[in-house]
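Colleague: I would like a close look at one part of this model. Please take the helix packing and go on from there.

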Amino acid sequence: MSKESFWRRVLRRLSGGGIVGEISVLRTPYYIPIPAGTYGGYFLDSTRVNYTLARQLYNNTNDKYKLGAGFAKPIINTTVGFMGVPHFSHDNVEVAWELERVASKWAGKFIRINRNTLRDGDCFVRIERREQKYNGKVDFELTLIPPEDVTPIPDPINGGFQKVYIRHHIPIYDVNGNTMGETILTEIITPDEIEYVIDGRAPLELQGLSGIQENPWGFIPIVHFKNEAEEYQLFGVSELEPVEPFLKAYHDTMLFAVQGAKM
């Protein structure tokens with residue numbers, strides 16, 4: 001553990017915050033101010049879960065938790081299996097049939113939405129209407145966007161979004177097809193328009209991606225699923241946060257025991 005994270009822990013402990021885990025420590029301390037009321041200021045907590053660490057715990061790929069994080073995946077998957085997928089109904093027979101078709105088509109994505117929301121605390125889902133790969137028909141599709149690439153700007157009046165920033169990572173290749181790096185295409189979505197802004201360092205052939213077009217939906221077609229967020233929280237909470245300190249303690253204990261047994 002680095003000295004910085006150690007002293008951050010000490011300061012948090014002295015300030016009354018108690019012992020916290022790595023996921024909480026690595027949240028970004030950033031706040032969006034909201035107009036104050038009679039009884040003092042109110043701040044929208046915009047800290048996020050460390051999505052990378054949450055996925056490492058889930059997949060047990062972090063060496064600091066290797067002997068303890070094996071319990072993380074059952075915690076998430078058991079809950080997801082209990083939740084299942086949603087079912088829709090309608091009085092109109094044709095509408096009910098179409099809802100059943102769509103629900104059956106998206107069943108796998110519904111499960112992934114539940115899993116990602118519980119594991120990462122946040123899941124951003126975008127609905128699109130595009131041509132299918134094999135039959136050429138135009139149909140609705142759900143796209144799961146990595147939450148670390150999404151920055152929503154909340155509307156304090158109606159609780160929705162004023163705009164949403166989405167970062168698209170575009171790899172750059174040389175003449176031999178080897179990856180040289182990547183550039184970022186930022187998509188800015190408002191109810192009225194969609195703007196694309198390419199990184200100024202992008203190759204010349206990618207500069208043409210920048211531009212503005214009308215938003216055909218008339219609204220922002222993105223839904224933010226967040227897990228157990230309080231009213232003052234912009235982002236959700238991972239189901240792994242409460243148990244993360246115990247996973248670390250179990251790993252350290254097991255590591256010490258295994259090393260002693262080997263000796």
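At what angle do helix 3 and helix 4 pack, and how far apart are their axes?

Modeller: First, the ground rules. This is a predicted model: local features need pLDDT of at least 70, side-chain atom pairs count only at pLDDT 80 or more, and totals for chains, interfaces and linings use all residues. Residues are numbered from 1 along each chain as its sequence is written, and side-chain values use heavy atoms, leaving out hydrogens and water.

Helix 3 (residues 51–59) packs against helix 4 (residues 72–83) at about 95°, and the axes lie 6 Å apart. Helix 3 is therefore roughly perpendicular to helix 4 (65 to 115 degrees counts as such). Axes are lines fitted to C-alpha atoms, for helices over the stretch in contact, and angles run from 0 to 180 degrees between N-to-C directions. Helices are DSSP runs of H or I, at least four residues, numbered from the N terminus.

Now the contact, meaning heavy atoms within 4.5 Å. Helix 3 contributes L57, Y58 and N59; helix 4 contributes A72, K73, I76 and N77. By class, these residues are 4 nonpolar, 2 polar and 1 charged. Here Ala, Val, Leu, Ile, Met, Phe, Trp, Tyr, Cys and Pro count as nonpolar, Asp, Glu, Lys and Arg as charged, and the others, Gly among them, as polar.

Helix 5 (residues 93–105) comes next. Its 13 residues should span 18 Å at 1.5 Å a residue, and the end C-alpha atoms are 18 Å apart, so the two agree. The expected span is 1.5 Å times one less than the number of residues. N92 caps the N-terminal end of helix 5, with a side-chain oxygen 2.9 Å from the backbone nitrogen of E94.

Terms used:
Helices (H or I, at least four residues) and strands (E, at least two) are DSSP runs, numbered from the N terminus. A polar contact is a pair of N or O atoms within 3.5 Å; within protein, one must be able to donate a hydrogen and the other to accept it, and residues adjacent in sequence count only if both atoms are side-chain atoms. Angles under 35 degrees count as roughly parallel, over 145 as roughly antiparallel, 65 to 115 as roughly perpendicular and the rest as oblique.
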